[in-house]
Amino acid sequence: MPARMNTSDIRLHARGLSKTFVLHTQGGVHIPVFDGIELKVASGECVCLHGPSGAGKSTLLRSLYANYKPDAGEIRVRHDGTMIDLLMVEPWEVVEIRRRTIGYVSQFLRVIPRVPTLDIVAEPAIVNGVASGEAHAAARTLLSRLRIPERLWSLAPATFSGGEQQRVNIARGFIVDYPVLLLDEPTASLDAANRQTVIELINEAKARGTAIFGIFHDEEVREAVADRLFEVGKQPLRKTRLSATAAEAAARCQPLLLRPVTTSITRRQRNTR
Ligand SMILES: Nc1ncnc2c1ncn2[C@@H]1O[C@H](COP(=O)(O)OP(=O)(O)OP(=O)(O)O)[C@@H](O)[C@H]1O
Ligand SMILES: [Mg+2]
């Protein structure tokens, strides 16, 4: 962990973030996920989002990528030298911020039919102005490092194994030197050698100054890359008022609502450093 965090190096700072899912098609059941949380990440730092399954780690990461809209709060991200609130900008600016500033490696590759693997990996570099030849060379380097056999590079990854698709997704996320990178379980279905490669890619990105929020299932990976942990699911959740119909539906959907509510202040303080 860096001894002191230089505040001028903060790349992303989220404050007061709250998210409750409302299942309109299931009687309006409310699923509170997090409430009033604050987290930040500096250049060259990797913060691990940690917590049990269902705690809200992926929801938080998707919110930081503006895939989900939080109910409250702000997400300030350094874009072109200025801190911009991701929740206040126009949709075209979100696209720009995603193109140049925030990269996101989802747990599963969104497979585009008929597009060869090499083009899928090169594409984020090309849309950032890198010449096609250079982008494809970088894509080949990453695919080799991640042990995708060369005979697969000209094929669309629809038929690839889970681990192969995940490695294509990782190559796509690392081909651009994003200032901020969000990683959702990038090593979940990888073998030891490829896990090690991902650890190296993450540490190389940190050395270049990339600020990373990551979810790492694997303790070995966490140990190797994380500077600190941010515990998700330990923050107190406000009681959500349910309508009568929603309360009835909630009774029918008990397991969805069985989320532990904690009032631990110390945990929360630890998280909002
Ligand atoms: N799109 C959605 N609509 C409704 N509820 C959702 C949605 N996405 C997640 N949830 C709910 O939000 C809660 C948190 O889910 P999330 O996927 O963020 O957990 P997680 O910490 O990433 O879990 P895991 O470690 O299993 O991946 C869960 O109770 C889940 O059912
Ligand atoms: Mg998840």
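Visitor: Which residues of strand 8 are on one side and which on the other, and are they buried or exposed?
Guide: Ala-211, Phe-213 and Ile-215 are on one side of strand 8, Ile-212 and Gly-214 are on the other, and all are buried. A residue is buried if 20 or more other C-beta atoms, placed from the backbone, lie within 10 Å of its own. Strands here are DSSP runs of E with at least two residues, and helices are runs of H or I with at least four, numbered from the N terminus.
Visitor: Where do the numbers come from?
Guide: This is a predicted model, in which local features need pLDDT of at least 70 and side-chain atom pairs count only at pLDDT 80 or more, while totals for chains, interfaces and linings use all residues. Residues are numbered from 1 along each chain as its sequence is written, and chains are lettered from A and ligands numbered from 1 in the order in which they are written.
Visitor: OK. What does strand 7 do with strand 8?
Guide: Strand 7 (residues 180-184) runs parallel to strand 8, with five bridges between them; two strands pair if DSSP finds at least two bridges. Leu-183 stands opposite Gly-214 there.
Visitor: And which helix makes a unit with those two strands?
Guide: Helix 6 (residues 192-208), giving a right-handed β-α-β unit with strand 7 and strand 8. Right-handed means that, with the strands pointing away from the viewer, the path from the first strand over the helix to the second runs clockwise.
Visitor: How many bridges join strand 3 to strand 9?
Guide: Four, and those strands run parallel. Val-47 is opposite Arg-228 of strand 9. Strand 3 also has three bridges to strand 8, where Cys-46 partners Ile-212.
Visitor: New topic: which helix gives the most to the shell around ligand 1?
Guide: Helix 1, with three residues. The residues around the ligand include Phe-21, Gly-56 and Lys-57, where near means a C-beta atom, placed from the backbone, within 6 Å.

How values were computed
A residue is buried if 20 or more other C-beta atoms lie within 10 Å of its own, exposed if 12 or fewer, and partly exposed in between; C-beta atoms are placed from the backbone.
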